[in-house]
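User: I'd like to go through the aromatic rings in this one. Can you walk me through the labels as we go?

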Amino acid sequence: TNSEHKAAAQEFWRRCSANGDIYKKEYQVKYCVGCELEKTDSELVDGRCPIHPKMDLELISEENYFFNFKKYQQPLLDLYTDRPDFVIPKNRLEEIKKFVERGLEDFSISRLKSKMPWGVPVPGDDTQVMYVWFDALINYISTLGWPASAQGATARQASKFEKFWPGVQVAGKDNLRQQSAMWQAMLMSAQLPLSKQIFIHGFITADGQKMSKSLGNVVNPFDLVNKYGTDAVRYYLLGAVPSHDDGDFSEERFKEYYTAHLANGLGNLTSRVLTMIEKYNNGKVPPSAPDIFNVPDFWKSYTIALSKYQFDEVIRFVNDLVTRLDRFISDEKPWEKVKSGESINIQLYQCVETLYHISVALLPIIPESAERILGAFGISCDFVTLANPIWGIMSEGAILKKGEQLFPRLEK
């Protein structure tokens, strides 16, 4: 609704029109309000949209503008071939390739202004307004100040588009067609850079059922955040739900995951390590010691998974390192060695340094908690990088502060 976006959408329309890709025709189509997409008979199941089976399809008959989608069938197929990681995961790339290979139908990009007075006006036609995807998708670049010429943007605004576009897009599996085919064809028509990459995720069900207002099984994430905290919710959604497929949510599963991996896992481990440093070395980091956890291999696996948006794998690697460090402490029993007069400085350093790497790895996942651990180390996250972390970061003599418990145990 803002004026900058309207100006950008209209300029985008003019560029596609100048390229010969917009025309007007009378048409009739079956339309799913839930998907905001036209549907062909082959896409329907028992005459209904499979994603919104409880919604009646609308039969639309009027004169509108269309985008020449057919023209971009081969350019899109060439894109998918030339850039095999353009859509992640791979099965979604194969899905959109098969859709395009079957043949494309031009799609409607306007509606009568008398029916939709709030839409963005079509340039040169006061009777029509832009409709849904042609307008909405342009927001990816209009929000970055594109085009400076249409908006009279400042140099700073114009540089945002140069800096951030093309970008990585994130969408649900029901947006695959819009993001990876329609939008890319539109960008080709307007002669603008295509998206860098598109990550498609699945749906989240509730106790095995699709979330639905009519069933009353919709989960309000704000209620969960108020009850358990933002980081706990992030950890579950990224770690317990498959990154590339559908996943399930139930509060019972959430509590089990929280207890196992946050309260009894990361939270307990952080408390153990900082308590030992405080108790056995006056709260100071001991001299450096060798890496026994093969941290470079951890970072290699972590980086590969993160680059593929496999967040559940990322968290699995972190949880594994947390478990290994926790087991190391239990096996070494440093408290018994202290009683017998042995030095435990080597073990203490190995614990502190490994916990540092765990906290850095968690910065993109649970930033508030990761920053709290780094804060206990006296390290500002502004100076931390995920690029090639090396062993031996913690400085001898640095003072550590224990702080409050990260993830309190849940009351039964």
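Analyst: Searching the whole structure turns up 33 aromatic pairs. Rings of Phe, Tyr and Trp (its six-membered ring) pair if their centres lie within 6.5 Å; planes under 30 degrees apart are stacked, over 60 edge-to-face, the rest tilted. This is a predicted model: local features need pLDDT of at least 70, side-chain atom pairs count only at pLDDT 80 or more, and totals for chains, interfaces and linings use all residues. Residues are numbered from 1 along each chain as its sequence is written, and side-chain values use heavy atoms, with hydrogens and water left out.

User: Why is the pair of Tyr23 and Phe66 called stacked?

Analyst: Their ring centres are 6.0 Å apart and the planes meet at 20 degrees, so the pair counts as stacked. Tyr23 sits in strand β1 (residues 22-32) and Phe66 in strand β3 (residues 58-67), so the pair ties together parts 43 residues apart in sequence. Strands here are DSSP runs of E, at least two residues, numbered from the N terminus.

User: What makes Phe66 buried or exposed?

Analyst: Its relative accessible area is 2%, so Phe66 is buried. Buried means under 20%, exposed over 50%, partly exposed in between (1.4 Å probe, protein chains only). Tyr23, at 28%, is therefore partly exposed.

User: How do you know that the charged end of Lys25 sits over the ring of Phe66?

Analyst: The charged end of Lys25 is 4.6 Å from the ring centre. The rule wants NZ of Lys or CZ of Arg within 6 Å of that centre and within 35 degrees of the ring normal. Arg111 likewise lies over the face of Tyr31, 5.6 Å from the ring centre.

Note on methods
Helix = DSSP H or I, 4+ residues; strand = E, 2+ residues; numbered from the N terminus.
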